[in-house]
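Subject: A structure for you to look at

Hi there,

Here is the structure I promised to pass on to you. Have a look at it first, and then read my notes below.

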Amino acid sequence: MSARATAAVPSPDVWRASQARRRWSGWLFYGLAVVSTMMGLVMLGALLFDIFTDGARQVDWHFLSNYPSRIADNAGLRSALLGSLWMLAFTAIIAFPLGVGAAIYLEEYAPDNWLTRFIQLNIANLAGVPSIVYGLLGLGLFVRWLALGRVVLAGSMTMALLILPLIIVASREAIRAVPDSLREGSYALGATRWQMVRQTVLPSAAGGILTGTILALARAIGETAPLITIGALTYVAFDPNGPLDIFTVLPIQIFNWVSLPQKEFHSLAAGGIVVLLVVLLTANSLAVYLRYRMQRRLQ
Amino acid sequence: MSAISRRRVLRAAGFGSLAAAGAAVLAACGETQVVEKVVTQTVEVEKIVEKEVPVEKIVEKVVTKEVIVEVTPPAGPISGTILIDGSSTVGPISQAVAEEFQKQFGDVRVPVGISGTGGGFKKFCAEETDVSDASRFIKSSEQELCDENGIGYIELPVAIDGIAVVVNKQNDWIGDSITAEELKTMWAPEAEGQVMNWSDVRQGLPDQPLLLYGPGTDSGTYDYFTKAINGEEGASRGDFTPSEDDNVLVQGVSGDAGAVGFFGLAYYEQNAEILKALQIDGGDGPVFPTTENILTGKYSPLSRVIFIYVSTVAAERPEVQTFVEFYLKNAPNLVGQIGYVPMPAEMYDIALERFASRKTGTVTALEGVNASPNSVLEAWKAGA
């Protein structure tokens, strides 16, 4: 034992050299980590700069309030913006109660058996299914079988399916983070399970649930592939007035403009991307704000 | 005093109520009428300066207004939805017509989808759409599908489209023209892995690598090009760079000295400063894809007639009748604005007659498109 100990202690010189080497590799790792972070930031910055220099001057009231046109100067994205908002609203109405309901069931009610584990496994898998597959499902199920046609509601239902797994996973995380002491406190006061969930768990988890939902909705607003599959149209020059109207959305309008030969439409597409980014960033900052408020209220 | 009232007037005018402004002036200052008049005039000038409508915009609006031929519906006001889907080549024309139509008839909604000629016919024959955009004739398989569902169609030609063959600006070895034979040497299925250099295409050309760009295999343009050049629809070498987005092809060809590609003429015209279009020699000497050469059929074999198909069921509806009439009467002007070539004027009259008499069926037994616009239009005149 003593022999091993003497062998393990290096001479001061060796130790110093090894310390220098370890320090150096420490700095190297730090540098690599910083470069990795910067890489993403610089790319994002370059992208935003490029889009905004080209697109920002396109965005004005005229651009937001006019319908698309073959004459670039007259073109706007009113119908696409309204279509996106309609779709988003119905997606939220459908996906939020279903998603949160499923999360509450899985966390608070479901017994721990093979069926529950099977459901959980499938939800986790569904979150990784490519969006185009949801588009095909929506086309078969809502457009053709339910015979809804290529309308806002069919788009919303497809999008709701797409983001349900995200909402369920986020809501479950939020519900699981609520400490058991709160649940036990509720029971101790004589609450039923439903009262405990409604008055203790949900208010505590609300911040996380809302954040997850809003981020999922932000994903829905940027999706193009499933909507092209279910047949959201490329040229719509009227306002969609309800869930059963045919429609188009921002990403499809942008895609349409990019694929036109005239350069002016490419600038319009950049303007469309700016509008889409603003909608997305608004949604994300709303999520951050809600989480902040909920957390503060809890404390 | 007058300074204050002027500011008030300006603010009020900003909210768009001149009447209130007048009242404010009267109430605020009991001064002479002269002052009030001067003030109002200043406001008028200010308002005009504030709006700053660009001159080009006004001119453009006036021009488009002037060229629109108005159409009166058969009986009373019309409303409803006319569903259009199909070819991405015809789509821009239908969108332009729909845009102008909806300006005149605000109660009619005309959404236009783009899902390719084949995709369009699939929906059309399932009675999901009223009008189908097509960059080729209907195929017999599609016709059978329509028959099964009891859908008749009225075939109407709307414009002529040319396909441009383009090379890089730096490509000075090819000269100004290429023959249809040489195009076949480049694009034939046998060329795959064999014809890799420009020296393989024509004797005496440099040993420069040949890079091919073309539309995706789902597009009508690809179908048409392969049929016209290689003799069989869909038959081509597989080792070329395909893209459904023609702008990608433009970028590809303009970025590589040895590149060659093909796509609709509208895309060449918008990018003429970075690309070089070749004259095509179909056997009668090299011809450049100009409007005139396409119209007269000299630019052969790479020009084609494009169509709309109207469902006989939909044609019973007054809004569809009005729309189709509007389409055929305004297509000659609108088609040119978006980079296509209008047909000779009499063809539009023949098409209008055909629609008025609800004559169904296709005019040719051609299973596709390998025919010059002239021969198609001749067949059409005879058939209509």
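**What I found**

A:Arg16 is exposed, with a relative accessible area of 51%. Please keep in mind as you read that this is a predicted model.

**A pair along one helix**

The side chain of A:Arg16 forms a salt bridge with that of A:Asp13, at 3.6 Å from N to O. Both residues belong to helix H2 of chain A (residues 12-55), where they sit three residues apart, or about one turn of the helix. A:Asp13 is exposed too, with a relative accessible area of 54%. If you wonder what brings such partners together, side chains of opposite charge can pair when their charged atoms come close. Over all chains, the count comes to 26 salt bridges.

**A buried aspartate and its partners**

Now please find A:Asp239, in the loop between helix H10 (225-230) and H11 of chain A. Is A:Asp239 buried or exposed? Its relative accessibility is 17%, and buried means under 20%, so A:Asp239 counts as buried.

Its side chain meets that of A:Arg78 in a salt bridge, 2.8 Å from N to O. A:Arg78 lies in helix H4 (residues 78-109) of chain A and A:Asp239 in the loop between H10 and H11, so this pair ties together parts that are 161 residues apart in sequence. A:Arg78 has 27% relative accessibility and counts as partly exposed.

The side chain of A:Asp239 also makes a polar contact with the side chain of A:Tyr67, at 2.9 Å. Which residues does A:Asp239 touch, leaving aside its neighbours within four places in sequence? They are A:Tyr67, A:Arg78, A:Leu82, A:Asp245 and B:Arg109. Notice that B:Arg109 in this list belongs to chain B, which brings us to the next topic.

**Where chain A meets chain B**

B:Arg109 and A:Asp245 join their side chains in a salt bridge of 2.9 Å, N to O. How many salt bridges are there between chain A and chain B? The count is five. There are also 13 residue pairs in polar contact between chain A and chain B, with both residues at pLDDT 80 or more. On the side of chain A that touches chain B, helix H11 (250-258) and helix H12 (263-298) of chain A each supply at least two residues. By class, the residues of that side are 11 nonpolar, nine polar and seven charged.

The size of an interface is often given as the accessible area lost when the parts come together. Chain A and chain B bury about 2,400 Å² between them, and 47% of this is on carbon and sulfur atoms. Three residues, A:Arg70, A:Tyr235 and A:Pro261, supply 33% of the area that chain A buries against chain B, more than any other three residues. The contact takes 27 residues from chain A and 31 residues from chain B.

In chain B, the side chains of B:Arg202 and B:Glu182 meet in a salt bridge of 2.7 Å, N to O. B:Glu182 is in helix H8 (180-187) of chain B, and B:Arg202 is in the loop between helix H8 and strand S7 (211-215), so the pair ties together parts that are 20 residues apart in sequence. B:Arg202 counts as partly exposed at 24% relative accessibility, whereas B:Glu182 is buried, with a relative accessible area of 12%. Elsewhere, salt bridges that share partners join A:Arg70, B:Glu99, B:Glu100 and B:Lys103 into one network.

**The two domains of chain A**

Chain A is divided into domain 1 (2-57) and domain 2 (61-298). Their centres, taken over C-alpha atoms, are separated by 38 Å. Six residues of domain 1 are in contact with seven residues of domain 2. Between them, the two domains bury about 480 Å², 81% of it on carbon and sulfur atoms. The side of domain 1 that touches domain 2 has four nonpolar, one polar and one charged residues. The count of salt bridges between these domains is zero.

**One backbone detail**

Finally, take a look at A:Ala147, in the loop between helix H6 (131-145) and helix H7 (152-176) of chain A. Phi of A:Ala147 is near 55 degrees, a positive value in a residue other than glycine. At 59% relative accessibility, A:Ala147 counts as exposed.

Enjoy exploring!

Key:
Residues are numbered from 1 along each chain as its sequence is written. Chains are lettered from A and ligands numbered from 1 in the order in which they are written. This is a predicted model: local features need pLDDT of at least 70, side-chain atom pairs count only at pLDDT 80 or more; totals for chains, interfaces and linings use all residues. Side-chain values use heavy atoms; hydrogens and water are left out. Domain bounds come from an automatic or database domain assignment. Contact means heavy atoms within 4.5 Å. Buried area is the accessible area (1.4 Å probe) that two parts lose on being put together, summed over both. A salt bridge is a side-chain nitrogen of Lys or Arg within 4 Å of a carboxyl oxygen of Asp or Glu. Ala, Val, Leu, Ile, Met, Phe, Trp, Tyr, Cys and Pro count as nonpolar, Asp, Glu, Lys and Arg as charged, and the others, Gly among them, as polar. Helices (H or I, at least four residues) and strands (E, at least two) are DSSP runs, numbered from the N terminus. Buried means under 20% relative accessible area, exposed over 50%, partly exposed in between (1.4 Å probe, protein chains only). A polar contact is a pair of N or O atoms within 3.5 Å; within protein, one must be able to donate a hydrogen and the other to accept it, and residues adjacent in sequence count only if both atoms are side-chain atoms.
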